[in-house]
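Me: I'd like to learn how to read the packing in this one. Can you take me through it feature by feature?

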Amino acid sequence: MATQLLMPKATAVWLVDNTALSFDQIAAFCKLHPLEVKAIADGESAQGIKGLDPLITGQLSREEIAKGEADVNYKLKILEPKVRVPETKRKGPRYTPLSKRQDRPNAILWLVRNHPELKDAQISRLIGTTKSTIEQIRNRTHWNSNNLQPMDPVTLGLSSQIDLDIEVERSSRGRPVQQPGEGGDTLLPASATENLDIQPTVREEDQELDADKVFAKLSSLKGHQENQDEE
C-alpha cells in the first residue's frame, strides 16, 4: 500500500515557495494538476493556505529535493514513515457473507429475546443489519416472522463472543441496580437469619411427664372402676 501524502495542497504551497522544482515535479509529487500548481505560484489558487514543510513531517528529504532541482525529469519519491499508523476501521454495519445473510433474522430474534437491553444500533453493529429489519422483528411484522427460529449469532458465525459480551456490558452500565424484592421473592440474607431466635416445637408426648398428674389420673380411673363394680 502506497504512503499517502499529508495535506497535498499545503505541501505544494511550501514547495513552490521554498524550492526550485518544476511545476510538473510538484504536481506529480502532490497528485495535483500542473495548471493548479501554476495557479498556486501565480497566487490565483490556495490563497490563505499555509504551506506545510514535508521535511518536518518526514515525507521528503533535502537530498530528494536536491535531486529534483538538479534534474527536471526526476520524480520525487515520498519517504516511508518510521511509524506505521494502523488504518481506522470503517464505521458502519458489519459485513456479512452472502451465505450467512439468511440467518440474520434468526440471530436478531435471539438477541431481542435473550438480551432485551441491547439497542438497535448495537444489534446492527453485531450482525450487520438495518434498524428497520430489527424493528420489524421486534414488532413481528417481518415477512417471515412465522418461520423464524431464535438462534445464537455466535453459533451462526455472525458475531464473536467477545463482541457480544462487550455490547451487553455497555448496555448494563447505565441500568439501575435491582433492589431486593423487585424481582420476586428471594431468600433473606444471612445477616437477617443468623440471629433469629427459633424455638423448636415440642410435641405433647415428648414433654417431661408430671408424676402428680399421673397418680391423680390413676386414682380417678381406680375410683371409677370401683363404682362400676358396686353397681
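Reply: A nonpolar core is a set of buried Ala, Val, Leu, Ile, Met, Phe, Trp, Tyr and Cys residues joined through side-chain atoms within 4.5 Å. Buried means under 20% relative accessible area, exposed over 50%, and partly exposed in between (1.4 Å probe, protein chains only). This is a predicted model, where local features need pLDDT of at least 70 and side-chain atom pairs count only at pLDDT 80 or more, while totals for chains, interfaces and linings use all residues. Residues are numbered from 1 along each chain as its sequence is written, and side-chain values use heavy atoms, with hydrogens and water left out.

Me: Which residues touch the most other members of the largest nonpolar core?

Reply: The general idea is that in soluble globular proteins, nonpolar side chains tend to be buried together. Here the largest core has 19 residues, and L15, I26, F29 and C30 touch the most other members. Helix 1 (8-18), helix 2 and helix 3 each supply at least two of its residues, with helix 1 giving the most, five. Helices (H or I, at least four residues) and strands (E, at least two) are DSSP runs, numbered from the N terminus. There is also a second, separate core of 17 residues, which includes I123, L148, L158 and V168.

Me: What is I26 in contact with, beyond its neighbours within four places in sequence?

Reply: Contact means heavy atoms within 4.5 Å. With those neighbours left aside, I26 touches A12, L15, V16, L21 and V37.

Me: How about T11: buried or exposed?

Reply: T11 lies in helix 1 and counts as buried because its relative accessibility is 2%. Leaving aside neighbours within four places in sequence, its contacts are L5, L6, F29, C30, L52 and P54.

Me: Now helix pairs. At what angle do helix 2 and helix 3 cross?

Reply: Two packed helices are described by the angle between their axes and the distance between the axes. Axes are lines fitted to C-alpha atoms, for helices over the stretch in contact, and angles run from 0 to 180 degrees between N-to-C directions. Helix 2 (residues 23-30) and helix 3 (residues 34-42) cross at roughly 115°, their axes coming within 8 Å. That makes them roughly perpendicular to each other (65 to 115 degrees; under 35 is roughly parallel, over 145 roughly antiparallel, the rest oblique).

Me: Where is K31, and what is its phi?

Reply: K31 sits in the loop between helix 2 and helix 3, with a positive phi of about 60° although it is not a glycine. At 71% relative accessibility, K31 counts as exposed.
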